[in-house]
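Q: I am new to this structure and would like to learn how to read its features. Where do we begin?

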Amino acid sequence: MSESIEIRGSTLVFTVMGELDDHVAVRSRDRIDNLLMTKGIKNIVFDLSELCMMDSAGIGLIIGRYRIIKENGGDVVLVIGNSPAKKVLKMSGLLKIFKTYDTLDSALTAVEKRVYG
């Protein structure tokens, strides 16, 4: 299990491989929220394409950041590709809320187009 956070302009890219459970969600939430407050982040791309398992804490992480970003007029999108966790994302209803993309590049292009287009 590993996760990374990268800032590309006004977009934060959160990539997680393996599991997105309570342990990862709590640690990542604090890091992401700190960056949202200090770096002028407008959008978040959650790259879940290498995710194997996600529990309710992972869903909470995504929904909580969605609320913050939407209040500031930004977008949150998901990269899911053929992730084994796609079934959990569908059952949780997240796929009805978020735009999804197969690749990180396509997600970033869409977010940038909305910001600059």
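A: We begin with residue classes: Ala, Val, Leu, Ile, Met, Phe, Trp, Tyr, Cys and Pro count as nonpolar, Asp, Glu, Lys and Arg as charged, and the others, Gly among them, as polar. By these classes, the lining of the largest pocket has 8 nonpolar, no polar and 4 charged residues. The model is predicted: local features need pLDDT of at least 70, side-chain atom pairs count only at pLDDT 80 or more, and totals for chains, interfaces and linings use all residues. Numbering runs from 1 along each chain as its sequence is written, and side-chain values use heavy atoms, with hydrogens and water left out.

Q: What volume does the largest pocket have?

A: A pocket is an open set of points on a 1 Å grid over the protein atoms alone, where a 1.4 Å probe fits, with protein on both sides within 12 Å along at least five of seven lines; lining residues have an atom within 4 Å of a point. Volume is the space filled by probe spheres set on the points, which are joined across faces, edges and corners. For the largest pocket it is about 170 Å³.

Q: Which element gives the most to the lining of the largest pocket?

A: Helices (H or I, at least four residues) and strands (E, at least two) are DSSP runs, numbered from the N terminus. Helix H5 (104-116) gives the most, with 3 residues. Among the lining residues are Tyr-66, Lys-70, Phe-98 and Arg-114.

Q: How many residues does H1 have, and what is its expected reach?

A: The expected span of a helix is 1.5 Å times one less than its number of residues. Helix H1 (residues 22-38) has 17 residues and reaches 24 Å from its first C-alpha to its last, close to the expected 24 Å. Gly-40, with a positive phi near 65°, follows H1.

Q: Which residues of H1 are buried?

A: Buried means under 20% relative accessible area, exposed over 50%, and partly exposed in between (1.4 Å probe, protein chains only). In H1, the buried residues include Val-24, Ala-25, Ser-28 and Ile-32. An α-helix has 3.6 residues a turn, so residues three or four places apart point the same way.

Q: Is Thr-100 buried or partly exposed?

A: Thr-100, found in strand S5, counts as partly exposed because its relative accessibility is 34%. Taking contact as heavy atoms within 4.5 Å, Thr-100 touches Leu-78, Ile-80 and Leu-95, not counting residues up to four places away in sequence. The C-alpha atoms of Thr-100 and Val-79 are separated by 5.6 Å, although these residues are 21 residues apart along the chain.
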